[in-house]
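Visitor: I've got a structure to look over and some questions to go with it. Could you walk me through it?

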Amino acid sequence: MGIAQTTDEAWMRHAIRLAQRAEQQGEVPVGAIVVKDNECIAEGWNTSIANHDPTAHAEIVTLRMAGLTVKNYRLCDATLYVTLEPCVMCMGAISHARIKRLVFGAFDPKRGAVYNALNLTDASFLNHKPDWEGGVLEQECSEMLREFFRARR
């Protein structure tokens, strides 16, 4: 196992812990962090239900915090780790923030906008396309979501 893979898994475990916080609050269990210079500069989880805010996905919450931390809406040279493949809204924000690298856990066949439902990482109309890797700790991330929705049905 290479250093990058070990680091990605360690950061994803951090995002998983945040997803568990979301679940404890009755939210869909998705967590995210922004890492710059090997330091976590922002973290967040889904808060759409609690905040009555359809834009309060883990990625958006985390990108907002990261922008405040660095005092810039551009997050160049940063990596976003998230437990679920981002949706269209989140991919737009990721591109606008100029996230250098995106790493996610579970693939989302119905709404994923990186690889599945849409492939916005190759969209010609976006002027910034992050490098990406999906499937990091995929089993754990997927199982957490499956259990959450199974319990709701």
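**A walk around helix 3**

Guide: Happy to. In helix 3, the buried residues are A58, E59, I60, T62, L63, A66 and G67. Keep in mind that this is a predicted model.

Visitor: Which elements do the buried residues of helix 3 pack against?

Guide: Start from the buried set, which includes I60 and L63. Those buried residues have both strands and a helix as packing partners: strand 1 (31-36), strand 2 (39-45), strand 3 (78-84) and helix 4 (88-96).

Visitor: How far apart should the ends of helix 3 be, and how far apart are they?

Guide: Helix 3 covers residues 58-70, which is 13 residues.

Visitor: How do helix 3 and helix 4 sit relative to each other, parallel or antiparallel?

Guide: Two packed helices are described by the angle between their axes and the distance between the axes. For helix 3 and helix 4 the angle is about 20 degrees, and the axes are 9 Å apart. Angles under 35 degrees count as roughly parallel, so helix 3 is roughly parallel to helix 4.

Visitor: And which residues make that contact, and of what class?

Guide: Helix 3 passes helix 4 in a left-handed crossing. The contact is made by E59, I60 and L63 from helix 3, with M89, C90, A93 and I94 from helix 4. Sorted by class, that contact has six nonpolar, no polar and one charged residues.

Visitor: Moving on past helix 4: is R98 buried or exposed?

Guide: R98 sits in the loop between helix 4 and strand 4 (101-106), and has a positive phi of about 65 degrees although it is not a glycine. Its relative accessible area is 18%. Buried means under 20%, so R98 is buried.

Visitor: What about L137, buried or exposed?

Guide: L137 lies in the loop between strand 5 (131-134) and helix 5 (138-152). Phi of L137 is positive too, near 55 degrees, and L137 is a residue other than glycine. With a relative accessibility of 13%, L137 counts as buried.

Visitor: Last one: which residues does H128 touch?

Guide: H128 is in the loop between strand 4 and strand 5, and at 17% relative accessibility it counts as buried. Leaving out residues up to four places away in sequence, H128 touches I94, S95, R98, I99 and K100.

Terms used. Residues numbered from 1 in each chain as written. Predicted model: local features only at pLDDT ≥ 70, side-chain atom pairs only at ≥ 80, totals over all residues. Heavy atoms only, no water. Helix = DSSP H or I, 4+ residues; strand = E, 2+ residues; numbered from the N terminus. Expected span 1.5 Å × (residues − 1). Buried < 20%, exposed > 50% of the residue type's maximum accessible area, 1.4 Å probe, protein only. Contact = heavy atoms within 4.5 Å. Axes fitted to C-alpha atoms, helices over the stretch in contact; angles between N-to-C directions. Parallel < 35°, antiparallel > 145°, perpendicular 65-115°, else oblique. Left-handed = near helix turned anticlockwise from the far one by under 90°. Nonpolar A, V, L, I, M, F, W, Y, C, P; charged D, E, K, R; others polar.
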